[in-house]
Amino acid sequence: MICVSIGRGRHKHIIAEHRHLVDLGVKLVELRLDYINGTIKLKRLLNDRPGPVLITCRREQDGGRWAGMEAERQMVLRTAIVDGADYVDIEEDIAANIPRYGSTKRIISYHNFRETPADIEEIHERMCKLDPDIVKLATMANSPHDNIRMLKLAQRNDVPTIALCMGDMGTPTRILGAKYGVPITYSTYSNERTLAPGQIGYQQMREVYGYDQINAETEIFGVIADPIGHSLSPQLHNACFREQGANRCYLPFRVPREHLASFIQEDCPALEIKGLSVTIPHKETIVRMIKKPNAAVQGIGAANTVLFNEGGPSGFNSDCDAALASLATALPQDVANPYENKTALVLGSGGVAKAIAWGLKNRGVDVIIASRTDENADDLAKGLGCRMVSWEDRGLERVDILINGTPVGMHPNVNESPIDKVRLRAGMVVFDTVYNPEQTLLIKEARQRDCKVVTGVDMFVRQAALQYQLFTGVEPSRDLMRDTLKKITGAVKAS
């Protein structure tokens, strides 16, 4: 089950939040007594409580706020047990000082904010001898493989074990706990009020990831990037899984460059991951790890979709087809080849820019590349057999199509544009692949100058739908994906 942590300074706020969470369906809350200002009044919190509680009073060395005497803290925990708390969290080094009493369940805990120790198995074995009802291990993830170690540790032990990794690299352990037999995962009232690194809000745990429906048979998909926090792919894919009643979950995996190979070769098989979306900075590098690249991946030199099967990873690129399908909506519909005699300026040299430039080149478009790193633009232009111009000279040539394949203008840098508006002319097609926000500064200025515009939302939804179909063999609702994306980006804009 999901345990929602409450860390408030006043008793009345804790009580009010507890009642509200129970109304939302929360089955267990953690009352962080170390957050309380002044004297702790346990009976006020425990008498007439609306639902089960886990009492925690965390020391500063374990990531808490308790600054008083240790003897006083331990007395608080003993009193909580005597007063009938449902669960009490007891650190392993003081477990012998806090005896079992009544029906209160003992969670014996270990926290490490630096690493996931090499001897975590031995630590767990030691803690199992301290009369626990549940063992809790919370460690910092310094590599994606730490997630595997912790989840497998929980899965193969008879003593119920909460094994989670902290930090954004450890997010998968918080979501996949139910698949691996973890009895409790921790969440917070909202994403803005996290009490530990990497915690996820209760509503997001349920509504985005469907935590209550995850079980041993749940199929795992995900997106890999570094950083990963900006990705909205989990919301889109999980919404479609839920609509179609599929026992699948799509997660964000933060994978630094140096861990990419081991993640693909070792971690994905260990987690039985079925498919991955791939984004910055891995689209080009991952091609070397793909056993079966399709023609687009071979031509572009970048992949944004990976499927795992018996023959090894297969690679695809849905960016190209999605981008050209989006672009076609702004081109003449009454001619055999709307790309004939067209010149396009592609800004950027990363995975998206490569995919679009390759697709345009294959359709006979005169393609010009400009990148903030001239060397990268030159390499891409030579590889595709097209022209490049320096970043300073971008927009000087007259073109029919302008494509922004850079992140310039992406939230939160919404007041930036990759090109001066004086370079935009009426009738030009302007396509911005940035989708958050949809109405970027480039798109706004292009509209003002009577250009035909294509937004990144259209491309993002199309490529996500193509990925979904590759993952599942089923076509998703693009309208649902679009509505989900606009709801999220609209909420970001409003905040």
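In what order do the six strands of the open sheet run? The legends below take that up first, using a predicted model.

**View 1. The open sheet, strand by strand.** Reading across, the order is β10-β9-β11-β13-β14-β12, and the pairing is mixed. The edges belong to β10 (248-254) and β12 (292-293); each has a single partner strand, so one side of each has no neighbour in the sheet.

**View 2. Zooming in on β13 and β14.** Here strand β13 (residues 305-307) runs antiparallel to strand β14 (residues 314-316), and three bridges pair them. Look for Thr305: its bridge partner in β14 is Phe316.

**View 3. Helices on the sheet.** Helix α8 (residues 233-243) packs here, touching β9 (219-225), β10 and β11 (273-278). The direction of α8 makes about 170 degrees with that of β10. Then there's α15, which lies across β9, β10, β11, β13 and β14 and runs at about 5 degrees to β13.

**View 4. Where α11 meets α15.** Helix α11 (residues 318-328) packs against helix α15 (residues 456-472) at an angle of about 135 degrees, and their axes are 8 Å apart. The two helices are therefore oblique to each other, and α11 makes a right-handed crossing as it passes α15.

Methods
Residues are numbered from 1 along each chain as its sequence is written. This is a predicted model: local features need pLDDT of at least 70, side-chain atom pairs count only at pLDDT 80 or more; totals for chains, interfaces and linings use all residues. Side-chain values use heavy atoms; hydrogens and water are left out. Axes are lines fitted to C-alpha atoms, for helices over the stretch in contact, and angles run from 0 to 180 degrees between N-to-C directions. Helices (H or I, at least four residues) and strands (E, at least two) are DSSP runs, numbered from the N terminus. Angles under 35 degrees count as roughly parallel, over 145 as roughly antiparallel, 65 to 115 as roughly perpendicular and the rest as oblique. A crossing is left-handed if the near helix is turned anticlockwise from the far one by less than a right angle, and right-handed if clockwise. Two strands pair if DSSP finds at least two bridges between them. Contact means heavy atoms within 4.5 Å.
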